[in-house]
Amino acid sequence: MVASTSVVKLFILSKEATVCLRLYSCYSFSETPESGPEFLQEPDDIVFALDSKERQVSMQCEARGTPSPTYRWLHNGTEVDFSSDIRYSLMEGSFVITNPNESKDSGKYQCVATNIFGTIISKDALLQFAYLGNFSGKARGAVSVREGQGVVLMCSPPDHSPEITYSWVFNEFPSFVAEDSRRFISQETGNLYISKVQPSDVGSYICLVKNTVTNAKVLSPPTPLTLKTDGIMGEYEPKIEVHFPLTVTAAKGVTVKLECFALGNPVPTITWRRLNGNIPSKARLRKSQAVLEIPNVQLDDSGAYECRAENSRGKNTFRGQLQIYTYPRWIQMINDTQLDSGEQLHWECKATGRPRPTYHWLRNGVPLVPQDRIEIVNGEVLIQNVRQADAGMYQCKAENKYGVIYSNAELKILAAAPSFQSSPARNTVVVTVGKEIVIECKPQASPKPRISWKKGDKSLQFNKRVSVLENNSLRIINSTKSDEGSYVCRGENQFGSAEMTASVWVKEPTRIELSPARMEVTVGESVVLNCKAFHDPSLDVSFMWLLNGQPINFQKEGGHFEYIRAQASSADLMIRNILLKHAGKYGCRVQTIADILSSEAELLVRGPPGPPGIVIVEEITDTTATLSWSRGVDNHSPISAYNLQARSPFSLGWQTVKTDPVTGDMESAMAIELNPWVEYEFRVVASNGIGTGDPSVPSRIMRTNEAVPSVAPANVSGGSGRRHELVITWEPVSEEFQNGEGFGYIVAFRANGTRGWKEKMVTSADASKFIYRDETVPPLTPFEVKVGVYNNKGDGPFSNIVTVYSAEGEPREAPSEVKAVSISASEILLQWKAPNPGPGRPQGYEVNFWKDMEQEESGDKIKTLGNETSVLLTGLEGNTLYHITVKGYNSAGQGPASTAVRAQTKKSPPSQAPGNLMWIQDGDHVSLGWEPVKPLDNESDVIGYKVIFRQEGRTSSKVIETSIPSAVVSLAEGGIYIIEVRAFSEGGEGTASSQIRVLTSSAIVSVILQWMALGIVMYPTHGSGKMYLV
């Protein structure tokens, strides 16, 4: 069973508790309106496991209402007595059962919520207990069959709740029986079916059942299966042993599983069909077709289904009916209703469901039965002449055999004296002479009150000018000053009366004396619109400016609008630097509390034209395009001309194209002098006497037609290359000027003095060079050369003729008089004489050098450029013999190498640094001394020493050379100097000594003065040139 509830608030109003403000709506004096109960949470079905560690069941129920509801519970329709069983307790609205007992506590439960306004009953909640008993311990007898015979092994499950699942163990756990076309386990009976027994089936079988809620499992005693020895079973027709019921009922939306399995020899094949249509496409066959599974069944899945078991000996069938039911579902519910005493109540509820639901009505939890004033027909209830006793909580209950649903509502009976609390106690009505006066009178009361009107303390006399409308409002037309005064509306019913007073004032009407006038202006100009009004002196007046019916926001208009209020009775509008968007209807609205009037005028703004309409390319050739467009707005100044613009992948943005003159009355034109085979898009710009407008939206991209090329290559030249080659170069023609597909070049050349041209085709559009090779061409032969173009449409022009010389060839002679001089341990100076002038002049030289005992190929190479005939080889190893060659090269290749010369680098400079560096300072002169450097056997002898000194903070140094281990350095400029000493030999400079820092006398004086200012005393040490701080 499934149940659901829709809850609505329910109230009973009394004249002591509430005051009604308007008919059918009531106000409570309390801060929180009083209301009947409304469920926030209803109990749900519960399955409780008997072996659960939680020894408590809690069924939830919560309702709201004012005052707060109290709760009761029903068990199988009988009210629960909480004092009769200590296991029962009520926690707020929830029902708690401690140590639940299946025999006492299982069943249906309902929550009942009650307050002073009525009672409602919840949907049903089913409490079930989950458990799984044990199989009987009695041993099971053996089942003996012939080979080929079918057999059914019974499971006989123990007591259980709710559902269980079945599987079978073969011989020992966990070796489970695998289901196939020959073996089937029914989840309805639990039995194991073997359609045709084989020798491999002999063994012990154990039924295993599992509770779907508690997951508890138990095993049956084993059932032995043996084979008889009196022969083999012959073939026989199928016998259906397990099948679905004759009638299967299922809820809409669930998954239905129909079982069908047969014994037989040979093993039968199972097939399915639906007698009244096709089997649903969503259906699936499981377990070798023994189970037909239909997920999410719908009403149209109902019908007769047939399973057929068939083998070579015959066939057998079974048919059954699938019926789908649906739970009740609301399509019309009842709603809260409030009525005056004596009115009629009519409620109707409707629900769908299969089977069709039946209806019952409850009032305050008790069945509602027909009486004199109460009529009930299915889902309709009619109560005549309602009274206070009819107020309360009502429930419409729709039910079929599968579920129950509730729709709840409250009936309120209104009873209250007239009240004007929702209206001001005293109203003021201000109108102008001749206008209509309407004074509303809407007291809240139940039942409806009687209404009367007075002016002052006299009853009103009604006529054609003074009358009462159907809604009890007082109406006075063509008002005059004599209508001013106090008017009283009185409402009265059996519960009391109330009055409302309204004051009426009749004023002189407002009129606009100076209103805005129609104007035409040009973009950028400024204008003032005037507005002045006459009004009753006793009334305040306000002005508002509007543009196209919308109030102008002066703060958001960028300073273009200014509100000018020079007098109380006028308000002007200034518009500065007018834009096109400021055109429109400007209105001045004048308002008092008595009347509102307005005046408006149109402001026309002249400006540059708007963008023309869509541009269409009507026709296109190789150099022209015919365009059409539609006129845009002229912004109140006639269009005088159009400008056509184009853009291509080769242009810098939009460019004006050539056309015949395009006047303002034209809507088409031809663009000329376009480039062939180029993609263009076009746009149009309109102009008038005020200026040029915005461009149109671009046209779609179009390509001009192909044409013969018209531009020849530029900068044709050439030269260089290898011997017997003529190299011709040019600047490629841009794609913009290739004019079509299949673009290439025609290279034409002839030796000076000859008549016939040789032509060669170069098919690459990006090519910029052509090389012609002829072994018979002497070096530096002059050729006349020209380069032309072509494409699929034909040949284009040639360039001007230029003279290009053939290659002169690689150098033919080797450099001579090659000399190599060792400079240091890492440097050798190489010098040579250039070859004699003539063909094959070098463009530079390549020097190869390698160590003795090594191959030339493993050596290093350096190149020189131009006419240089010497090079300094650096980074060499000390005391090493090198072999060196030199050869010329040019663009044609390399010439022959010179005869190899040899040179040995000097020994390495001393690695020892000058040690024990001492110094004595005498003014700006520093006397230095150090220990002599002794070279190692593989190092070159010391020639002398270099004293290197520089001012701190500078990069340039000065050097003094000396042949002895001492020197005097003159420090001409003031400051701090850094000094170091190196030994040098023919192998180069050795390792530097440690650095010393020396202050000149001028620097010392400056430092001493600073230290003395800080209170620091200095003492010199005689003979050392050093000073110490104290």
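A pocket, as I use the word here, is an open set of grid points with protein on both sides within 12 Å along at least five of seven lines, and its lining residues have an atom within 4 Å of a point.

**Entry 1: the model.** I am working with a predicted model.

**Entry 2: the largest pocket.** I looked up the largest pocket and found a volume of about 380 Å³. Its lining is made up of 22 residues. Nearest the centre of this pocket lie Glu188, Val256, Lys257, Leu258 and Glu259. I then asked which elements give two or more residues to the lining. They are the strands S24 (236-243), S25 (247-251), S26 (256-265) and S29 (291-294). S25 gives the most, with five residues. Sorted by class, I list ten nonpolar, six polar and six charged residues in the lining.

Entry 3: I followed S24, S26 and S29 into an open sheet of four strands. I wrote down its order as S24-S26-S29-S28, and the pairing is antiparallel. S24 and S28 (284-286) are the edge strands; each has a single partner strand, so one side of each has no neighbour in the sheet. On average, neighbouring strands of this sheet are turned by 25° against each other, direction ignored. Strands of a sheet pair through backbone hydrogen bonds, in either a parallel or an antiparallel way.

Entry 4: How many bridges join S24 to S26? I noted five, and the two strands run antiparallel. I also looked up Ile240, whose bridge partner in S26 is Ala262.

**Entry 5: Gln41.** I found Gln41 in strand S4, which covers residues 35-41. Is Gln41 buried, partly exposed or exposed? Its relative accessible area is 33%. Buried means under 20% and exposed means over 50%, so Gln41 counts as partly exposed. I also checked Gln41 against Pro157: the two are 116 residues apart in sequence, and their C-alpha atoms are 38 Å apart in space.

Entry 6: For residues 814-908 I noted 0% helix and 53% strand, with 33 Å between the end C-alpha atoms.

Technical notes:
Residues are numbered from 1 along each chain as its sequence is written. This is a predicted model: local features need pLDDT of at least 70, side-chain atom pairs count only at pLDDT 80 or more; totals for chains, interfaces and linings use all residues. Side-chain values use heavy atoms; hydrogens and water are left out. On a 1 Å grid over the protein atoms alone, a cavity is a set of points where a 1.4 Å probe fits but cannot get out, and a pocket is an open set with protein on both sides within 12 Å along at least five of seven lines; lining residues have an atom within 4 Å of a point. Grid points are joined across faces, edges and corners, and a volume is the space filled by probe spheres set on the points. Ala, Val, Leu, Ile, Met, Phe, Trp, Tyr, Cys and Pro count as nonpolar, Asp, Glu, Lys and Arg as charged, and the others, Gly among them, as polar. Two strands pair if DSSP finds at least two bridges between them. Axes are lines fitted to C-alpha atoms, for helices over the stretch in contact, and angles run from 0 to 180 degrees between N-to-C directions. Buried means under 20% relative accessible area, exposed over 50%, partly exposed in between (1.4 Å probe, protein chains only).
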